Amino acid sequence: MHRVGIAGSASNSVRSRKEKRFTYVLNDADDTKHCAGVNCLAVLKPSEPDKSSYLFTGSRDGTLKRWELHDEDATCSATFESHVDWVNDAVLVGGNTLVSCSSDTTVKVCFQCKAWDCFSNGTCTRTFRQHTDYVTCLAAAERNGNIVASGGLGGEVFIWDVEAALAPLTKSSEPADDDRSSGTNGSGISSLRTIGSSNNISVQTNLPQGYVPISAKGHKESVYALAMNDTGNVLVSGGTEKAIRVWDTRTGSKMMKLKGHTDNIRALLLDSTGRFCLSGSSDSMIRLWDLGQQRCIHSYAVHTDSVWALASTPTFSHVYSGGRDLSLYLTDLATRESILLCTKEHPIQQLAMHDDGIWVATTDSSVHRWPAEGQNPQKVFQRGGSFLAGNLSFSRARASMEGSTPVPVYKEPTFSIDGIPGIVQYEILNNRRHVLTKDNAGSVKLWEITRGVVIEDYGQVSYEKKKEELFEMISIPAWFTVDSRLGNLSVHLDTPQCFSAEMYAQDLHLSEKADDDKINLARETLKGLLAHWLSKKKHKPGSQPMANGEIPPARDISSRSITLSKIEADGAHENDSVVYPPFEFSTNSPPSIITEGSHNGPWRKKITEMDGTEDEKDLPWWVVECILQNRLPPREHTKCSFYLQPYEGSTTQTVTQGKLSAPRILRINKVVNYVLEKLVLDKPMDSASIDVALGSGGDRSYGNPLPKPWPKHKNSIEILCNNQVLISDMSLATVRAYIWKKPEDLVLNYRIVPGKTN
């Protein structure tokens, strides 16, 4: 796993970090399947003969899934959804505990490991926050279910006593309300979050005497691989320093340092005794080390590119290896004989032995089981087609260039767990409600992000042509950003920018509202996403609804919820009593929320799993004020300044003096109505009066509406910009963006259409 930024345009990844971000991830169709590459595998064998085996998979979509394995199929029996970014590794400890580690690009620091109850429906037992960067790898002891090690890009290696780490902790006093200060927890385990069986969020904060893991100090660069022997007393680690470090897990002290690889070490294995170590590297080599002799005793040039995954037979006599060259090899460590088992379409990320088969995870969302003859690997070599592995990397590369590429033994896997295609391209359309996407299977879809659904599936068509077809000449502020880092569409809302976009009820087809009512897109989207939480909260004992039908917070949210600034009080009348129905989101494929409040760190949960017991402090303060208090923060650039003048050569009288100001979404037909009114009434107005009149524009949230339009004159007036006649339903913002195209204040002209006067 390499460090990567958020997918998408550069502008999407640059944002103010002052306030917590609110993200929701849209799910399409079958959410029992992964939609991004699978980074890790863990097999849980049955404790009794008649019981099923389980396979755990961790994906770049941020989820882990538990698969109950049968003879000919696999059933997804649970999804573990709490990590907010890629799941990088997972290990089983103690028979019923799954430990996973993850990256998280939504916060600066505080990356996490999680402990799960294997047989729950997604219960996160504890969250450990100790690393200062992405946690890339884990290691566990086969016969000691109490030891786990974690390593990450910060060069840190921690050794955890699982029993001590999961012990109950004394609950401390409530943390401060103000989440606008640092959102990090600092060094040490300072905040632990528990997700109950119903995925409720509660707080457990460590006291100073709380458990702290052993730190194995020595790495100066990123750690990508860990391995531990069966008893858990020996740990090996490797990374970008190209060296293997050997640790005593009891003290965290370094026992030795082994050099030999010429590039990043990506995979490590220890035999059961802890004497022999296998390493795979980006230099394409596999090396066998004798820790007793503190040296490399064999090198195997099997692959033509980086080696990313290793698995061994129970006796440590043979090694299975895969990596960037898309190939899975079996190598006899004693005779150096190698054979190509299969080739894939995607780089191999991880391997897991299961009886006589081997599970293979790749950068694709599907996982496959291939024959491996793990109990008797010599059977594979009897098929023929093997070669002798060299001891220099260039020997294998040269053989490949000369055309002596081995033929794979197996053409098809014996078992597959299919994923679904992930999104690889996206385009936010000008209406700022629809996003066009293309997945890695070539399918093009149109999403409506204010409802979280696919409104059109175009199939495998030209993505670029479809973008051109869907182009609209309309200008609406960019109120959200998106990325596809998790394979799905993630929509990000940041305050106050997200509250900048408004549309008329007519344009949103809200028949129950007046056509000229304005709808704030972010506010109604947030209310729709949290509608399930709000409805559950209303029925909690002691909850009293407010006048607008919402629920007040259980306690003061922040000082901002008590006193509004003058700008808020004077310029946001819509905050007072106007309540619109929220946008409705799908409950069949509900979105997942990823956000962070004033304590507990980031969290993720499906909107339908929020049961009203969640604390307001688990949400950003500005989201709580919006949905509970109906308050929006101060916003800029909501109005457009312009001049309204008679068209050159026209004999029409001047109806205004000076610069005008009106909402950006004001339509040209409102300007026509205004001009007609002034011409008919023959009452020119000063700019101050005009600002009030046009500001209302029939819009009820700004002031008194204009008099009704004059139907018999309506078609006798044209509004022009740059000598181009404007369409009546154009907004001022659209005219400025596509017709005016200048930084100066907009200039509109009006004229009487010849032959249409009475």
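Predicted model: local features only at pLDDT ≥ 70, side-chain atom pairs only at ≥ 80, totals over all residues.
Within residues 128-163, the chain is 58% strand and 6% helix.

## Helices α6 and α9

Helix α6 spans residues 521-529 and helix α9 spans residues 621-629. Their axes come within 9 Å and cross at roughly 90 degrees. Angles of 65 to 115 degrees count as roughly perpendicular, so α6 and α9 are roughly perpendicular to each other.

On the α6 side of the contact are R523, L526 and K527, which meet W622, V623, C626 and I627 of α9. Of these contact residues, 5 are nonpolar, 2 are charged and none is polar.

## Salt bridges

The count of salt bridges comes to 21. One of them joins E81 and K606, with the closest N and O atoms 3.3 Å apart. E81 belongs to strand β5 (residues 74-81) and K606 to strand β42 (residues 602-606), so this pair ties together parts that are 525 residues apart in sequence. Both E81 and K606 are buried. These two residues are also linked with D31 and R604 in a network of salt bridges.

E464 and K467 form a salt bridge at 3.4 Å, N to O. Both lie in helix α5 (residues 463-469), 3 residues apart, or about one turn of the helix. E464 has 41% relative accessibility and counts as partly exposed; K467, at 22%, also counts as partly exposed.

R451 pairs with E448 in a salt bridge, the closest N and O atoms being 3.3 Å apart. R451 is partly exposed at 34% relative accessibility, whereas E448 is buried at 10%.

Technical notes: Residues numbered from 1 in each chain as written. Heavy atoms only, no water. Helix = DSSP H or I, 4+ residues; strand = E, 2+ residues; numbered from the N terminus. Axes fitted to C-alpha atoms, helices over the stretch in contact; angles between N-to-C directions. Parallel < 35°, antiparallel > 145°, perpendicular 65-115°, else oblique. Contact = heavy atoms within 4.5 Å. Nonpolar A, V, L, I, M, F, W, Y, C, P; charged D, E, K, R; others polar. Salt bridge = Lys/Arg side-chain N within 4 Å of Asp/Glu carboxyl O. Buried < 20%, exposed > 50% of the residue type's maximum accessible area, 1.4 Å probe, protein only.
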